Amino acid sequence: MFFALLLLSGVAEAQDTPPVAYQPPLFRAAEEQARPKLPENLSVKLIADEDFAPYSFLSRTGSPAGISVEIAIAACEQARLACTVEVRPFAEILPALARGEADVAVTGPRLDEKSLAAARMTRPYFRIMGRFAVANTSTLDSATARSLAGRRIGVVKDTVHARWLATYYSTARITPYDDLAKAGAALKAGEVDVLFGDNLQVIYWVAGEAAAACCRLLDGAYSDFDYFSRNLAFLVRRDRAELAQAFDYGLDKAQATGSTAKILRTYVPLDPW
């Protein structure tokens with residue numbers, strides 16, 4: 001988490017910084033629905049992975065923070081729920097839900113057969129994707145396999161991103177590095193032509209001090225659920241169907257009022273799409 005927090009410095013911690021002027025798309029297909037019949041200011045316990053920056057983590061002040069945490073709080077406000085947030089290790093999230101120690105998992109378990117059998121899922125509110133970046137001086141204007149044929153692509157070794165490149169960009173010269181910082185430094189130095197990796201990590205590097213404004217994003221985000229893409233949704237206790245409905249209601253309202261967009265612009269300095 002330490003590297004991720006360094007990337008987030010001045011973004012996640014600087015909540016008073018004016019948002020960058022990009023408009024996230026309306027990711028959720030909002031449904032017309034009334035607020036479920038729950039008591040006003042019903043107490044709801046949220047739980048999140050303590051080491052999943054930038055989605056959930058402990059801030060420097062020791063408070064839970066992150067994109068998913070703040071979107072959850074915004075949904076609570078819209079649904080008129082009184083929510084508190086606790087962070088725990090990844091392995092404790094689902095067991096805490098099962099024991100009734102928490103009502104909603106904000107981050108943590110993957111959306112798979114095990115987690116969906118143990119809890120109710122809201123509709124997704126975000127998606128993890130992949131992204132390319134190039135030097136500002138590059139003449140490339142497309143990241144298709146054809147346009148990158150013969151080009152040197154830097155990527156973190158032994159990752160889903162590297163395997164995806166090997167499958168779909170086999171005509172490129174794929175160059176593996178130990179971590180994204182080294183791959184980014186190679187792009188800045190001209191040792192590779194293109195950088196590819198996790199959508200937000202690439203954005204944080206491009207916008208960060210290490211890049212020194214050397215580089216830009218290339219094309220939009222890429223999504224492939226067989227490799228690196230993952231929908232993010234909240235998991236609600238199996239016995240709280242009305243609470244799951246309330247969070248879908250709150251998430252729709254948070255998107256419609258612009259709260260979700262404001263949170264994304266606060267944490268993500270460049271358009272993630």
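User: Why is cysteine 214 called buried?

Analyst: Cysteine 214 has a relative accessible area of 17%, and buried means under 20% relative accessible area, with exposed over 50% and partly exposed in between (1.4 Å probe, protein chains only), so cysteine 214 counts as buried. This is a predicted model, in which local features need pLDDT of at least 70 and side-chain atom pairs count only at pLDDT 80 or more, while totals for chains, interfaces and linings use all residues. Residues are numbered from 1 along each chain as its sequence is written, and side-chain values use heavy atoms, with hydrogens and water left out.

User: Why is cysteine 215 called buried?

Analyst: By that cut-off of under 20%, cysteine 215 is buried because its relative accessible area is 8%.

User: What makes the link of cysteine 214 and cysteine 215 a disulfide?

Analyst: A disulfide is a pair of cysteine sulfur atoms within 2.5 Å, and the S to S value here is 2.4 Å, so the pair of cysteine 214 and cysteine 215 qualifies. The link is left-handed, with -90° about the S-S bond.

User: How do you know that cysteine 76 and cysteine 83 are joined?

Analyst: Their S to S value is 2.0 Å, which lies within the 2.5 Å limit, and therefore this pair is a disulfide. Cysteine 76 and cysteine 83 are both buried, and their link is left-handed, with -90° about the S-S bond.

User: What pattern do the disulfides of the protein follow?

Analyst: The structure holds two disulfides, and with bonded cysteines counted along the chain their pattern is 1-2, 3-4.
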